[in-house]
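Hi everyone, thanks for making time this morning.

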2 protein chains.
Amino acid sequence: MKASQFFISTLKEAPADAEVVSHKLMMRAGMIKKLGAGIYTLMPMGLRVVQKVEAIVREEMNRAGAVELSMPVVQPAELWQQTGRFGSMGPELLRIADRHGNDFVVQPTSEEVVTDIARQEIRSYKQLPKNFYQIQTKFRDERRPRFGLMRGREFVMKDAYSFDRDQASAKASYQVMAKAYRRIFDRFGLTYRAVAADSGAIGGDLSEEFQVIAATGEDAIVYCPTSDYAANMEKAEALAPVDPRKAASQAMVKTPTPGMATCADVATFLNIPLWNTVKSLVLATDETNVAGEVCKTQVWLLLLRGDDSMNEVKVSKVPGLATNRRFATLAEIDEHFGCEPGYLGPLGLKKPVKLVVDREVAVLADWVCGANEADFHITGVNWGRDLPEPNLVVDIRNVVAGDPSPDGLGVLAIERGIEVGHVFYLGTKYSQAMKATFLDQNGKPQFMEMGCYGIGITRLPAAAIEQNHDERGIIWPDALAPFTVVICPINAERSPDVKAASDALYAELMTAGVDVMLDDRGERPGAMFADWELIGVPHRVNIGDRALKEGNVEYQRRREAAATAVPLADIASVLLGNLKV
Amino acid sequence: MKASQFFISTLKEAPADAEVVSHKLMMRAGMIKKLGAGIYTLMPMGLRVVQKVEAIVREEMNRAGAVELSMPVVQPAELWQQTGRFGSMGPELLRIADRHGNDFVVQPTSEEVVTDIARQEIRSYKQLPKNFYQIQTKFRDERRPRFGLMRGREFVMKDAYSFDRDQASAKASYQVMAKAYRRIFDRFGLTYRAVAADSGAIGGDLSEEFQVIAATGEDAIVYCPTSDYAANMEKAEALAPVDPRKAASQAMVKTPTPGMATCADVATFLNIPLWNTVKSLVLATDETNVAGEVCKTQVWLLLLRGDDSMNEVKVSKVPGLATNRRFATLAEIDEHFGCEPGYLGPLGLKKPVKLVVDREVAVLADWVCGANEADFHITGVNWGRDLPEPNLVVDIRNVVAGDPSPDGLGVLAIERGIEVGHVFYLGTKYSQAMKATFLDQNGKPQFMEMGCYGIGITRLPAAAIEQNHDERGIIWPDALAPFTVVICPINAERSPDVKAASDALYAELMTAGVDVMLDDRGERPGAMFADWELIGVPHRVNIGDRALKEGNVEYQRRREAAATAVPLADIASVLLGNLKV
C-alpha cells in the first residue's frame with residue numbers, strides 16, 4: 001500500500017474525553033473516530049488491525065473444527081422471551097420495535113438464535129459434536145460507555161457455541177476451544193494469561209478468561225509464579241490457614257473508641273495490627289410470595305478480618321445467600337444490633353442473625369470487634385470462650401499477594417489484566433429453556449450440552465495497546481500491526497536514487513507478500529517518523545541520500561532505541577528474517 | 001474441507017413461504033435459515049458464497065483506489081436530522097431509542113456518517129479525491145419482506161462514497177467506479193448489463209444500475225442488441241416519431257360506447273387498432289402555505305396512446321409535476337370534466353386543466369377519446385381542427401420492444417433483470433445539507449462533490465441463482481461456488497482403493513489451493529450426488545471401484561448432462577485447467 005492511496009490522519013493531541021492510553025493513541029493514530037457515546041467508526045488504519053485479529057481467529061477456529069455462520073444482528077424478541085433474558089437482562093439489551101410494533105433486540109450475544117438453529121437442525125447424536133461460530137457486530141447499551149473500544153456499546157465479537165451429546169463430550173469440546181484460544185493468543189504476540197473464572201450457577205471448573213496483562217487492566221489476576229495456577233479475583237480461593245488458632249491470652253474488655261468507625265482507625269487508635277480487628281458486614285435476604293411481595297427477611301452477619309475485603313462471588317456461594325441478597329437497611333441493623341454501623345459486632349445482639357465467618361477470622365485469638373454501642377469496641381474476644389465456636393466458616397474474602405497458592409505449589413502474586421476472551425461450559429441452561437433436544441443412541445430425546453466461547457475482536461487492539469506502547473505511541477506486535485513494514489523515503493522528490501531504492505524495496509517486499517507501506521506523501525522526515533511511531537508500525541526502513549551513498553539504509557525497529565545501518569542489498573532479507581507473522 | 005467437519009443440511013422440499021426459485025433453492029441447500037420475516041442466518045454453506053462475493057468486491061475496490069473503513073450499524077439520529085432523512089424516510093428506517101431515550105437508527109446506508117467523517121477529516125483540496133467504502137450489515141424495515149435474501153430486511157451491502165473537489169473530478173471518480181464494477185461483475189461470472197438509470201433531481205447521466213439478467217427479475221431492462229445502449233425502464237427514452245402526422249380524414253363523431261370504460265374495450269367495440277385510442281390520466285398538484293395547508297390545487301390531463309403505459313419518472317420531470325403530485329380525486333375529476341373516469345377526454349371541459357401530451361399522441365390523426373359523458377366516446381378527433389395544437393408535448397410513456405433506440409443504432413429489446421449494484425453521482429446534495437466543505441487552491445471553502453456506489457452483497461447470490469439453476473438445483477459459477485470441486489468417494493468404507501484415491505486427490509487439490517470438498521459422510525451415491533447438484537458445486541469427481549479398476553474416475557460438470565471418464569492420473573490437471581477462479 002502506498003500512503004497516497006490510503007488514508008492517514010494523525011493528531012498531536014487526544015480529545016479530552018479519552019481517558020486511557022489505548023483510547024488516546026487509537027484516536028491520535030487515526031484508527032477510530034467517535035460517532036456517539038461508545039460508538040466508533042473503524043477508520044482505515046484501525047480496520048486493518050481488526051481484520052488481522054479476525055483473520056487469526058478465523059484460521060484457528062476453522063483449524064479447531066468450528067464451522068462459521070453469520071446470525072442476524074437484529075433478532076426477534078420471541079426467542080429471548082423463551083430463555084427469559086428479554087425480561088431479565090437490564091437496559092444493556094437494546095430493544096427495538098419494528099414498523100409493525102413487533103419487539104426485537106440488537107444482539108449482545110447469540111445463545112438464543114444458535115440454540116434455535118441447533119434444535120431445528122440437529123436431530124441425532126450422529127450429528128454431534130458441532131461448534132458454530134460467527135464474527136459479527138454486537139451491541140450492549142452500557143450505562144457508562146468509555147475507554148474507546150475497551151468498553152464501547154457497539155463492538156465486534158467472535159462468539160462460538162458448542163453442542164454435545166453428553167458432559168464428557170462437552171468437556172472435550174471445551175478443551176479443544178481452550179487449546180485453540182491459547183494458539184490464537186500466542187499468535188497475537190501478546191503477553192496473556194488464561195485464568196480460571198467463576199462458572200456461575202453451573203458449577204464445575206470449566207470457565208477460563210483470557211486476560212491480556214497490562215498495568216492499566218480493569219481486572220485483578222491471581223497467579224502463582226512457581227506453578228500453573230491462575231484465576232481471576234472472584235474465583236481465586238483463599239485456603240484455610242494452616243496454623244491452628246492460638247490460645248486466648250487476653251480478657252475481653254469493652255474499650256472506648258470515640259469516632260473510630262473503621263477497622264483501620266481502631267487499629268491505629270489501639271495500636272494493634274489491622275489483621276487483629278474484625279469487621280462486621282450486615283446483609284439481608286428476602287423471601288417473596290407468589291405475588292412478588294416480601295414475606296420474610298433474614299439478616300446475616302459476615303465477619304472478615306479488618307485487612308481483608310469481601311468477595312461478592314464467594315458470598316453468593318454461601319448456602320442461603322445465592323439470591324435476593326442485599327445490604328441490610330439502617331433500620332434492620334438497628335433492630336438486630338441496637339447500634340449504627342461502625343461499631344457492630346457479633347456479641348450482645350438484640351435479635352439473632354445468621355453468622356458467616358471467614359476462614360481467617362475463625363483462627364483469630366484475642367481479636368477486636370464493635371461493641372454494638374456507638375464509640376465502643378471490644379478487645380480480647382475469643383471463640384469458644386466469649387461466643388460459641390462458629391459453625392459456618394467459609395472463604396468469603398479476596399486473596400492477597402503472598403497467600404498460599406491453592407495448588408500448594410507456592411504463594412500467590414497479583415497483576416492486572418484486560419479480559420479479551422472467555423471459554424465457558426454452559427451445560428443445559430439454554431437447551432433446557434429452549435427445549436433443544438436430540439435423539440440419543442436409544443432413540444431417547446436428550447438436552448444438548450453446550451459451551452460458549454467469546455473473543456472481543458475490537459477490544460483486542462485496545463488491550464494490545466495498553467500492553468504495548470511508549471511515550472511516542474503504539475508498539476504493535478508484528479501479527480497485529482496495520483502494516484508490518486513502513487518504508488520512509490527521505491526527500492525522494494529531490495533524489496532519484498532515494499525514489500528508485502524505495503520503489504524497488506517496496507516492490508520486492510510486496511512480491512514477498514509483506515504487508516508493507518510506502519510513505520510517498522513527501523512529508524519531512526521528522527513528521528513522517530513521528531506519524532509511524534505513533535501508529536506503531538514495528539519495522540521501519542528510512543532511505544536517504546547520505547546512507548545510500550555508502551550503499552546503506554537505516555533499519556529502525558519500533559521497540560529499539562536506535563536505528564542500525566543495513567546494506568540496501570541485504571535489507572529485504574534482514575526484514576524477512578525478522579518478521580513474526 | 002471435509003464434509004464431516006462442515007455442516008451440510010439439505011431439504012427435499014422448500015418451505016411454503018419461499019416463492020421464488022433462489023429463495024427455495026437457498027433454503028433447500030441449507031444456505032440460509034429464516035429467523036424472522038426478512039431476517040436470515042447465513043448458514044455455513046451460504047456464508048461461504050457471501051464471503052467469496054465479499055473477497056472479489058474488496059479486491060477490486062482496493063485495486064480501484066478506494067479505502068476500506070467500517071461505520072457503525074447503530075447511528076445517532078442527529079446526523080440523519082441534519083439531512084432531513086430522519087423525518088423524510090418512511091418506516092423503512094428502523095428507529096431505536098437507547099437507555100437514555102436518545103434516538104438512533106440502524107443504518108440502511110451511510111451517507112450521513114461518511115459525510116460527517118469527510119467534513120471533519122478533509123480540510124484541503126490536497127486530500128481529494130478520496131473514496132471510502134465498507135462492507136457492513138444494513139437494515140431496511142420493508143413493509144413486505146419476501147423472496148429470501150432478494151428483499152430481506154437485514155442484509156449486507158458494500159457501500160462506497162467518493163469525495164471530490166469539483167464536478168470534473170467527481171465524474172472521473174464515478175468512471176473509475178463504473179469500470180471497477182464491470183471488473184467485479186465480470187469476475188462473478190454472471191451475465192449482467194450496466195444500464196443507465198435515472199439520476200433523480202441531480203440531473204446528468206451519471207447513474208447506472210448493474211442488473212443480473214434473469215427471467216424472474218423484478219426490473220425491466222431496455223437495451224439495443226445492435227449497439228451499446230442500455231437503460232432501465234424508468235430512464236429509457238421514447239423518441240419522437242419520425243413520420244409526420246397524417247392529415248385528418250374523418251369527421252369528429254360522438255359515438256355511444258355503453259360500458260366501454262377502457263381503451264381496450266373501446267378499440268374492440270369500435271373495431272379499431274388500440275393505438276388509435278387515447279387514454280386520459282388526471283393528476284393533481286397541491287401548493288401548500290407555510291402552515292402546510294393546501295392553498296392551491298392544479299389539475300392536469302395527461303394523454304397517452306391506449307397501447308402505452310405511463311412512466312412515473314418521466315412524468316416527474318414535466319415542469320410543474322415534480323413534487324406534490326397525486327392522482328386527482330373523483331370530485332376534482334367531476335368538477336373539471338363533468339364525468340366519471342372511463343369516458344374522459346380533452347374536449348368540452350367544464351373547467352380548464354393543464355394538458356400534457358405524449359409524443360406519440362401528438363402525431364395521431366383521427367383518434368378516439370372519451371366524450372366526457374358516460375357511455376360515449378368521440379371518434380375522428382384531430383389536432384388543430386377539433387382542438388388546438390398541443391403546446392406541451394413530452395415523453396411520458398414506457399418504451400416497448402421494437403421502439404427505435406435513442407442512440408439511433410437499432411431498435412430496442414426488453415429483458416428482465418435483478419439490480420445488484422448501482423453507481424450514482426450525488427453532487428453536493430449531502431455536502432450542502434451537512435456543510436461538508438474543503439478549502440480550494442484559493443483558500444476558499446467549497447462543498448465536496450460526492451458519488452455513492454452500492455453492491456448488494458447478500459442479494460448477489462440470490463440473483464446468481466435466479467440466473468443459474470435447473471430442476472436439480474443451483475449451478476454456481478466457479479467464482480461464487482461454496483466449493484469449487486467436490487470429491488464423491490463411492491462406498492469408500494468398503495474399498496480401500498477408493499478411499500486412498502479420494503484422499504490423495506483431496507490432498508493434491510488442497511495443496512494446489514483449490515476450494516475442494518471431500519464428501520466423507522458415507523452417504524449412498526444417489527443421495528450424495530443429489531445433495532451436490534442441489535448445492536450447485538460446479539465440478540464433481542466421483543471415485544468408485546469399477547472405474548478405478550481401469551484407472552479412471554468420473555468427472556461431472558454441473559452444467560453438463562453426462563459425466564466423462566478421466567484417468568485418475570490426469571484428473572487434477574484437468575480440473576486445474578478448467579477452474580475459473
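I'll go through the interface, then the salt bridges, then a few local backbone details.

First, some housekeeping. This is a predicted model, in which local features need pLDDT of at least 70 and side-chain atom pairs count only at pLDDT 80 or more, while totals for chains, interfaces and linings use all residues. Residues are numbered from 1 along each chain as its sequence is written, chains are lettered from A and ligands numbered from 1 in the order in which they are written, and side-chain values use heavy atoms, with hydrogens and water left out.

Let's begin with the layout of chain A. An assignment divides chain A into domain 1 (9-189 + 434-465), domain 2 (253-394) and domain 3 (483-578); the bounds come from an automatic or database domain assignment. Taken over C-alpha atoms, the centres of domain 2 and domain 3 of chain A are 66 Å apart.

Now the interface. How many residues of chain B are in contact with chain A? There are 55 residues of chain B in contact with 55 residues of chain A, where contact means heavy atoms within 4.5 Å. The two chains bury about 4,500 Å² between them, with 61% of it on carbon and sulfur atoms. Buried area here is the accessible area (1.4 Å probe) that two parts lose on being put together, summed over both. On the chain B side, B:Phe7, B:Leu35 and B:Arg99 supply 15% of the area buried against chain A, more than any other three residues.

There are also 20 residue pairs in polar contact across this interface, both residues at pLDDT 80 or more. A polar contact is a pair of N or O atoms within 3.5 Å; within protein, one must be able to donate a hydrogen and the other to accept it, and residues adjacent in sequence count only if both atoms are side-chain atoms. By class, the side of chain B that touches chain A has 27 nonpolar, 13 polar and 15 charged residues. In that scheme Ala, Val, Leu, Ile, Met, Phe, Trp, Tyr, Cys and Pro are nonpolar, Asp, Glu, Lys and Arg are charged, and the others, Gly among them, are polar.

On to salt bridges. The rule asks for a side-chain nitrogen of Lys or Arg within 4 Å of a carboxyl oxygen of Asp or Glu. Over all chains the structure holds 86 of them, and the count between chain B and chain A is four. A:Glu121 and B:Lys33 form a salt bridge at 2.9 Å, N to O.

Within chain B, B:Asp159 pairs with B:Lys138 in a salt bridge, the closest N and O atoms being 2.9 Å apart. B:Asp159 is in strand β8 (residues 154-164) and B:Lys138 in strand β7 (residues 130-139), so the pair ties together parts 21 residues apart in sequence. Helices (H or I, at least four residues) and strands (E, at least two) are DSSP runs, numbered from the N terminus. Are these two partners buried or exposed? B:Asp159 is buried at 2% relative accessible area, and B:Lys138 is buried at 1%. Buried means under 20%, exposed over 50%, and partly exposed in between (1.4 Å probe, protein chains only).

In chain A, the side chains of A:Lys351 and A:Glu335 meet in a salt bridge at 2.5 Å, N to O. A:Lys351 is in the loop between α9 (330-337) and β17 (354-358), while A:Glu335 is in helix α9, 16 residues apart. A:Lys351 is partly exposed at 36%, and A:Glu335 is partly exposed at 36%. Chain A also has a salt-bridge network linking A:Arg305, A:Asp307, A:Asp308, A:Glu360, A:Arg397 and A:Asp403.

Back in chain B, have a look at helix α5 (residues 111-121): nine of its eleven residues are buried, so the helix is largely enclosed by the rest of the structure. Among the buried ones are B:Glu111, B:Asp116 and B:Glu121.

Finally, the backbone. The peptide bond from A:Leu128 to A:Pro129 is cis, with omega near 0 degrees, and A:Pro129 sits in the loop between α5 (111-121) and β7 (130-139) of chain A. The peptide bond from B:Leu128 to B:Pro129 is cis as well. B:Asn324 has a positive phi of about 50 degrees although it is not a glycine, and it lies in the loop between α8 (312-316) and β16 (325-327) of chain B.
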